[in-house]
Amino acid sequence: MNHFRIAVIVGSLRRDSFNRKLAEAIATLAPPAFSFSQVPIGDLPLYNQDDDACPAASVRRLKADIAATQGLLFVTPEYNRSIPGVLKNAIDHASRPYGQNAWAGKPAGVLGVSVGAIGTALAQQHLRNILAYLDVPTLGQPEAFIQAKEGLFDEAGNIGANSQGFLQGWMDRYVAWVARHAA
Ligand code: FNR
């Protein structure tokens, strides 16, 4: 395989989301064989198991978007020491109906930025727990707990100079992880 399509799932719906900015900026650090597309999750209904047999168009689109990719990138804030409800809702949707888990086997990376000092560490840990159950091979190291600080992004929206080395290293490990598991 010489091209890898990555589904990017951003756990914030906020207009000026730091996590969306991070998702956009870090994608530019990947080699040309990788392309990244954000998967919309804000229009999904609340998950209701009654609807498994007749899912909404947005749910069918979510599952098709995931199926068309070779890897996943989750970029999420921490809400009250866990992942945001919108992200859990999307994960639940694509995991069902039972036996038709769209996430299974897709190699994943987990990133997050928050204004708090622990930089989404607890949200990421909760997310890893969910992904393990869903049979998603998730990059373990390096972990990236990022605090939203002046200079994280430059004027053009790229990763700021002080964080570039670390996040380039993260991306290098991530692309190797995807290539290994998607093969
Ligand atoms: C937060 N925030 C937050 N930050 C953190 O480090 N740990 C936390 O547990 C929480 N909890 C939390 C709950 C709720 C409901 C909100 C709205 C916010 C702050 C959070 O890091 C901040 O709002 C980020 O800017 C959210 O990410 P986006 O939207 O900028 O991507």
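A polar contact is a pair of N or O atoms within 3.5 Å; within protein, one must be able to donate a hydrogen and the other to accept it, and residues adjacent in sequence count only if both atoms are side-chain atoms. This is a predicted model, in which local features need pLDDT of at least 70, side-chain atom pairs count only at pLDDT 80 or more, and totals for chains, interfaces and linings use all residues. Residues are numbered from 1 along each chain as its sequence is written, and side-chain values use heavy atoms, without hydrogens or water.

Now the ligand's contacts. A side-chain N or O atom of Ser12 sits 2.7 Å from a ligand oxygen. Arg14 brings a polar side-chain atom to 2.8 Å from an oxygen of the ligand. Asn80 uses its backbone: a polar atom there is 2.8 Å from a ligand nitrogen. Alone, the ligand exposes 620 Å², and the protein buries 74% of that (areas by the Shrake-Rupley method with a 1.4 Å probe).

Which residues are closest to the ligand? They are Ser12, Arg14, Ser17, Asn19 and Arg81, in a shell of 13 (a heavy atom within 4 Å counts as near). By class, the shell has four nonpolar, six polar and three charged residues. Gly counts among the polar ones in this scheme, and Asp, Glu, Lys and Arg are the charged ones.

Next, the loop. Thr69 lies between helix 2 (57–67) and strand 3 (71–75). Is Thr69 buried or exposed? Thr69 counts as buried because its relative accessibility is 8%, and buried means under 20%. A polar side-chain atom of Thr69 is 2.7 Å from the backbone oxygen of Ile66.

Key. Helices (H or I, at least four residues) and strands (E, at least two) are DSSP runs, numbered from the N terminus. Buried means under 20% relative accessible area, exposed over 50%, partly exposed in between (1.4 Å probe, protein chains only).
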